[in-house]
Amino acid sequence: MYLPEKFCKEMQRMLGEEYEDYLASMQAGRKYGLRVNTAKISVEDFLKISPFELTPIPYISNGFFYDEKEQPSKHPYYFAGLYYLQDPSAMTPASRLPIEEGDVVLDLCAAPGGKATELAAKLHGTGLLIANDISSKRAKALLKNMELFGVENSFIVTEYPAKLAGYFNGFFDKILIDAPCSGEGMFRKEPSMVKAWEQNGPEFYSKLQKEILEQALPMLKEGGMLLYSTCTFSPLEDEGSVEYLLSLDPSLHLVEMEGYSGFVKGQPEWVDSSNRSLEKCIRMFPHKLDGEGHFLALLQKGEAVSKKISGFAEKRKGLKGEEKKLFEDFSENMNRIFDETRLESKNGMVYYMPRELPEMKGIRFLRSGLFMGEMKKKRFEPSQSLAMALKKEDYKKRIHFDATGDEVFRYLKGETIPLKPELIVDEGTKSGGWYLVCVENFPLGWGKVAGLTLKNKYHQGWRLL
């Protein structure tokens with residue numbers, strides 16, 4: 001494949017005798033990765049039902065290689081949010097940021113959601129995840145992936161970091177910055193990146209990264225941790241940006257991360273630095289492991305402090321009047337109880353708001369909390385995102401399809417389906433009405449049953465083509 005001469009000379013300088021091994025790796029086929037959504041299913045249980053031939057990714061506990069001939073994006077389990085398809089090395093940043101339940105987390109450059117969905121899974125529905133991308137178009141893909149994963153404690157934002165810094169000073173326990181970069185590590189996976197590199201190379205992105213880091217750092221709490229990552233080899237954007245970040249606050253220090261035999265330590269000499277702590281960074285080269293190029297650095301601000309348990313940042317008014325009654329009527333078939341003080345109606349659209357989310361007037365966002373559904377004339381209509389946030393035992397009226405049966409694929413295509421009685425589980429107070437449609441034991445969406453006919457309510461924009 002074509003590689004720019006300037007890029008090749010820099011790689012030769014960096015790699016020395018290993019340069020030829022790197023060039024050979026660029027001619028080899030790329031690897032394909034699948035990451036299990038541990039918020040919905042354990043790795044052990046997923047392997048029991050997986051229809052794919054999977055090989056563990058040795059540096060990712062819930063990651064697996066799969067053969068490119070497989071089509072996991074077409075399988076019903078994908079539509080149930082049981083896994084995310086992601087480059088193996090791109091799984092590493094979220095895996096090395098030590099998320100704890102109850103954390104308030106920021107993914108600053110989050111679209112399309114590969115890292116944000118993993119951060120959310122590690123929170124297990126606790127705390128708050130703010131996932132941001134300055135591109136509203138890309139943020140729409142982020143929103144869909146967060147909904148697919150059943151995330152309910154998130155705030156999906158589309159703002160510049162400088163704007164966010166004005167709202168969230170010292171707010172976050174953990175911040176992940178997968179920064180815009182020259183993309184040298186993706187040349188094999190996406191050859192179009194080479195042309196983009198020739199237009200805007202490391203010098204352009206290094207300046208942008210420094211601006212982002214300057215704006216992000218004040219949002220980190222004392223004792224908080226920040227993970228900086230790129231998908232480039234450029235020392236200017238990697239060790240150079242980390243050294244600049246360290247210069248912004250004397251309390252910042254690099255933290256060791258879980259290693260792997262294929263990882264390469266940071267190289268301070270590549271940016272003419274005497275700071276040996278830069279060796280705690282991780283570099284990933286395609287000739288050293290099965291994956292594309294990546295760089296990671298984990299930093300902590302000061303020393304760890306005891307976490308204060310946050311209460312509500314703002315009391316919600318809950319639902320009132322007819323809206324309250326209509327939601328309660330729907331909830332008769334729910335086995336899960338939603339906290340009334342976290343419910344909020346905005347022009348008939350009902351949301352379940354995260355506890356730690358303060359007033360956010362003036363911020364551009366796509367979604368705050370979990371979109372529960374919409375008030376229609378004399379009824380509450382549940383949303384696709386609510387279905388994805390539920391477990392099958394949370395709802396009394398269900399349809400259970402087999403993962404390999406014809407019915408589940410017809411459902412995903414939006415068709416009306418005749419039902420066999422054994423597919424229906426009805427523990428509700430009344431027959432008919434809304435049913436939670438599941439593949440095996442995992443929710444896919446909603447439908448309405450009349451007699452033995454399922455009227456399809458699967459989200460139009462998500463349907464299998």
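How many nonpolar, polar and charged residues does the lining of the largest pocket have? By class, that lining has 27 nonpolar, 11 polar and 10 charged residues, where Ala, Val, Leu, Ile, Met, Phe, Trp, Tyr, Cys and Pro count as nonpolar, Asp, Glu, Lys and Arg as charged, and the others, Gly among them, as polar.

This is a predicted model, in which local features need pLDDT of at least 70 and side-chain atom pairs count only at pLDDT 80 or more, while totals for chains, interfaces and linings use all residues. Residues are numbered from 1 along each chain as its sequence is written, and side-chain values use heavy atoms, with hydrogens and water left out.

Select Cys109, Ala111, Pro112, Arg138 and Asp178 to begin, as these are the closest to the centre of the largest pocket among the 48 residues that line it. The pocket has a volume of about 1,300 Å³.

Next, select helix H10, residues 202-216, which gives the most to the lining of the largest pocket, with 5 residues.

To see the contact (heavy atoms within 4.5 Å), show Gln209, Lys210, Leu213 and Glu214 of H10 together with Ser241, Tyr244, Leu245 and Leu248 of H11. By class, this contact has 4 nonpolar, 2 polar and 2 charged residues.

Methods:
Axes are lines fitted to C-alpha atoms, for helices over the stretch in contact, and angles run from 0 to 180 degrees between N-to-C directions. Helices (H or I, at least four residues) and strands (E, at least two) are DSSP runs, numbered from the N terminus. On a 1 Å grid over the protein atoms alone, a cavity is a set of points where a 1.4 Å probe fits but cannot get out, and a pocket is an open set with protein on both sides within 12 Å along at least five of seven lines; lining residues have an atom within 4 Å of a point. Grid points are joined across faces, edges and corners, and a volume is the space filled by probe spheres set on the points.
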